[in-house]
Amino acid sequence: MTQNPLKIDRFHFKRVSEKEKRKVLNIVEPLERFVGEEGLMRFVDVVEGVDMATGMPIKFGKDGWKWQLDVLRTFYRERRLVVLKARQLGVTWLSAIYTLWKALVYPYTRTLIVSRNREQASMTLRNYIGELYRRLPKNLQIGTVAEQAFLLRFRNGSEILTQPSTEDAGRGFTGALAIMDEAAYQPYAELTYLSLKPAVDNGGQLIVLSTAKGVGNFFHRLWAEAVAGKNNFAYLFLPYHLHPNRDEAWREQQRREFPEEWMLAQEYPATVEEAFVMSGRPVFSPLTIDRLMREAKEPIVTPEELAALDPYIQVFQKPQENHFYIVGVDCAEGLIHGDLNAISVIDGITGEQVAEYASRVEAFVFADHIKAVADYYQAANVIVERNGIGAAVIAMLRRLQPTLRLYKPPTGRRRYTTHIVYGWQTTVKTKPLLISALQEGIAKGELKINSKALLDEMAHYQRNEDGSTAAAPGRTDDRLMATALAWYQVRELRNKREQLPVNYYYHAMEVDDVYGWMKEAIRVWEEERARNQLIRPVSEILA
Ligand SMILES: Nc1ncnc2c1ncn2[C@@H]1O[C@H](COP(=O)(O)OP(=O)(O)OP(=O)(O)O)[C@@H](O)[C@H]1O
Ligand SMILES: [Mg+2]
């Protein structure tokens, strides 16, 4: 049987003798009037915090910020609660008050606060809970039997624990209340949640608090599922303007002070959307993505030539005369769960995305599909990322159709090259080129995206702390990479078109026999050899 912790029997968590009960009840006698929800409201009136910046006392309840009372009532009423908040609204104070109240008023309750790191965990206990306790009226200070860096044990048998977020934070915890503070910033939030779940399922209470940190992480998923009614969590959003000193003018001032748009949205959101979508350092402006989402074309009925690629393909525009097309290809590595084979086709003249493909088929099937798309779009140039399985897909493509116009990087002065390297190699150096080009194309409106799935990937594509970029946890970026490759080539070609023939960058082989690619390889090889005497003669190598 699960117990509602809010109407908990005071000795629910421990079997104690009548004598001990009497002793403990004597201790908690003065706290009698703080039992229940109205008791909590009375408790708020007697506690006092301290502003760590100024050393001034902080009043809560009637003499403080009144909305904080509603937050505490919500803490009291909801057994599972997720709170999305703006910065510096006193939420850590409120959780400290609630925890202390619970521990003092209800003997033998264990409570736990998990913080983002060690320092926060000890601070929560010492500077928040400890401070509240020391400032209580003397008759309410029931006495402690243990005061440690991460543990307070009271004479009534109650315990308050704080823990930093680690792999086993919360493991083995049983108790009446657990709070996760700044959950989006906890490195092991998901594990902690799983550790706490049994205690919660057993009648305990769980409150998950945080400022947003982009989408896709544990905190965002918990919130999204709460809103969708998929878990049993109630949810509460605390916007920036709850702070009495903050108004529109204040926010404008902040806007100027933050170097980037997303920072303001993350720290001081006005709406939930803003908090999640704009925080977490999005690479592509959320406002632009939002507009593109509304302007995106619906796919047309798949043309007969591509019917075999259903249901993986979406065609937005058939090939047009005198246009040229670039086909970008990202191959599924097959290692990470969820990654896709993706193709994106861009019209080189208009900059519009005309088709998109995404599947999880095997490499050899994917090669067939790439060929079909390239053929359909007027023998389009194809640029394949050659990392991982990409190299194998390229080899298959070349056997399938030796005349395919496959991207080959300019050889430059590369020495000792003994084979032709087709395809694009994504590295820490080349990736920023692709992503910045895509960013610019989107921002300037030169590139028009039609696929909603791609726009969704873009909305959840983020910059990491180290400056690199990646999909938010649990999101894909395969369509995005395919599009970035195609768009990069469109730009290169536009730049070079006036001066150089397309074949300067696009190596189209004029051979049609199956082994043509080999002859071609040998020809390039010979050329290299002529340039560089260090390379051994072909005949020697083949012998
Ligand atoms: N009732 C109140 N009256 C006056 N000031 C308050 C009140 N509640 C909170 N504050 C102010 O808010 C500050 C931040 O409190 P707290 O650390 O609990 O906020 P927080 O929402 O957890 O912030 P963060 O986002 O930094 O974690 C306090 O130091 C105090 O200055
Ligand atoms: Mg806090």
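**Figure 1. A look at Y193 and its helix.** Y193 has its place in helix α6, which covers residues 189–201; helices (H or I, at least four residues) and strands (E, at least two) are DSSP runs, numbered from the N terminus. This is a predicted model, in which local features need pLDDT of at least 70 and side-chain atom pairs count only at pLDDT 80 or more, while totals for chains, interfaces and linings use all residues. Residues are numbered from 1 along each chain as its sequence is written, and chains are lettered from A and ligands numbered from 1 in the order in which they are written. Y193 counts as buried because 22 other C-beta atoms lie within 10 Å. The cut-offs are these: a residue is buried if 20 or more other C-beta atoms lie within 10 Å of its own, exposed if 12 or fewer, and partly exposed in between, with C-beta atoms placed from the backbone. Y193 and A178 are 15 residues apart in sequence, and their C-alpha atoms are 9.8 Å apart in space.

**Figure 2. E182, a residue with a positive phi.** Although E182 is not a glycine, its phi is positive, at about 55°. You will find E182 in the loop between β8 (177–180) and α6. With 22 other C-beta atoms within 10 Å, E182 is buried.

Figure 3. The loop between α12 (363–376) and β15 (381–384) holds A379. Here phi is near 50°, a positive value in a residue other than glycine. A379 has 15 C-beta neighbours inside 10 Å, so A379 counts as partly exposed.

**Figure 4. The cis peptide bond between D310 and P311.** D310 and P311 are joined by a cis peptide bond, with omega about 5°. P311 sits in the loop between α11 (286–295) and β11 (313–315).

**Figure 5. D45 beside G61.** D45 belongs to helix α2, residues 36–46. In sequence D45 and G61 are 16 residues apart, yet from C-alpha to C-alpha they are 5.4 Å apart in space. Setting aside neighbours within four places in sequence, D45 is in contact with G61 and K62; two residues are in contact if their C-beta atoms, placed from the backbone, lie within 7 Å. D45 is partly exposed because it has 14 C-beta neighbours inside 10 Å.

Figure 6. Q120 lies in helix α5, residues 118–134, and is buried, with 22 other C-beta atoms within 10 Å. Between Q120 and T162 there are 9.1 Å from C-alpha to C-alpha, although they are 42 residues apart in sequence. S436 has its place in helix α14, residues 431–443, and is partly exposed, with 14 other C-beta atoms within 10 Å. Its C-alpha atom is 9.4 Å from that of Y488, 52 residues apart in sequence.

**Figure 7. The shell around ligand 1.** Of the 16 residues around ligand 1, the nearest are G64, G90, V91, T92 and W93; a residue is near a molecule or strand if its C-beta atom, placed from the backbone, lies within 6 Å of it. Helix α4 (residues 91–105) gives the most to this shell, with three residues. Sorted by class, the shell has seven nonpolar, six polar and three charged residues. Ala, Val, Leu, Ile, Met, Phe, Trp, Tyr, Cys and Pro count as nonpolar, Asp, Glu, Lys and Arg as charged, and the others, Gly among them, as polar.

**Figure 8. Inside the largest nonpolar core.** Of the 143 residues in this core, I97, V327, V345, I370, V373, V382 and A486 touch the most other members. α4 provides the largest share of the core, 11 residues. At least three residues come from each of domain 1 (28–278) and domain 2 (290–531), with domain bounds taken from an automatic or database domain assignment. A nonpolar core is a set of buried Ala, Val, Leu, Ile, Met, Phe, Trp, Tyr and Cys residues joined through C-beta atoms within 7 Å. Not counting residues up to four places away in sequence, V373 touches V327, I343, V345, A355 and Y357.

**Figure 9. Where to read with care.** The mean pLDDT of the chain is 86, and 86% of its residues reach 70 or more; pLDDT is the predictor's confidence in each residue, from 0 to 100. Over residues 1–8, pLDDT stays under 50. Where pLDDT is low, the predicted coordinates should not be read in detail.
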